[in-house]
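Visitor: I would like to go through this model step by step, asking at each point what a term rests on.
Guide: Then let us look at the structure together and set each value against its cut-off.

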Amino acid sequence: MSNLHNEMALENLYEKVIEEDEKGLIDNLINQTAFETGLHADDNRDKILQKIAEGLFELYDSAPTQAPTLEELEARVCTCGKLIEKCEDAYEHITQGV
Ligand SMILES: [Zn+2]
């Protein structure tokens, strides 16, 4: 894979992330990323969206056939903002709210 190809793929992912954000589909993922990086969810929105795109890009790059889609990644974030695998009360949070 050439660098140019990589850059284009990353750019495409970034645009997709922006689109999803505009539709309000990845708020949990944004909050989770804000929490992990210490960035502010509103003030540093662009940087957070960039981080999400880079994270997705790394997943695609390391395991192109197994990489989760943005929708699947969002589904892995609990309503409390933690990843489901890291939340001990994920079932209760998702079924009953935080
Ligand atoms: Zn939770």
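Visitor: In what order do the elements of the protein run from the N terminus on?
Guide: This is a predicted model, and in it the elements follow one another as α-α-α-α-α, with a total of five helices and zero strands. Along the principal axes, the C-alpha atoms fill a box of roughly 45 × 30 × 25 Å.

Visitor: How do you know what confidence the predictor has in the protein and in its elements?
Guide: The mean pLDDT of the protein is 84, and 97% of the residues reach 70 or more. Among the elements, helix α4, residues 70-75, has the lowest mean pLDDT, 76, whereas α2 has the highest, 91.

Visitor: What makes up the largest nonpolar core, and which elements give residues to this core?
Guide: The core has 13 residues, of which V17, L29, I30, I48, L49, I52 and A53 touch the most other members. Two or more residues come from each of α1 (3-22), α2 (27-37) and α3 (45-62), and α3 gives the most, with five residues. In soluble globular proteins, nonpolar side chains tend to be buried together.

Visitor: Which residues of α3 are buried, and on what grounds are they said to lie on the same side?
Guide: The buried residues of α3 are I48, L49, I52, A53 and L56. They cover an arc of only 140 degrees around the axis, and therefore they lie on the same side of α3. An α-helix has 3.6 residues a turn, so residues three or four places apart point the same way. On the face of α3 turned away from the buried side are the exposed residues D46, E58 and S62.

Visitor: Which residues does I48 touch, once those up to four places away in sequence are not counted?
Guide: I48 touches I30, T33, A34, T37, L39 and A41. Of these, I30, T33 and A34 are among the buried residues of α2, a list that also includes L29 and Q32. After α2 comes G38, whose phi is positive, near 80 degrees.

Visitor: Why is C80 called partly exposed?
Guide: C80 has 18 other C-beta atoms within 10 Å, and a residue is called buried at 20 or more and exposed at 12 or fewer, so C80, with 18, is partly exposed. C80 is found in the loop between α4 and α5 (90-96).

Visitor: Which residues is C80 in contact with, leaving aside the neighbours within four places in sequence?
Guide: C80 is in contact with C87, H93 and V98. The C-alpha atoms of C80 and I94, which are 14 residues apart along the chain, are separated by 8.4 Å.

Visitor: Why is A90 called partly exposed?
Guide: A90, placed in helix α5, has 18 other C-beta atoms within 10 Å, and A90 is therefore partly exposed. Not counting residues up to four places away in sequence, A90 touches C78 and I84.

Conventions: Residues are numbered from 1 along each chain as its sequence is written. Helices (H or I, at least four residues) and strands (E, at least two) are DSSP runs, numbered from the N terminus. A nonpolar core is a set of buried Ala, Val, Leu, Ile, Met, Phe, Trp, Tyr and Cys residues joined through C-beta atoms within 7 Å. Two residues are in contact if their C-beta atoms, placed from the backbone, lie within 7 Å. pLDDT is the predictor's confidence in each residue, from 0 to 100. The arc is that of the directions from the helix axis to the C-beta atoms.
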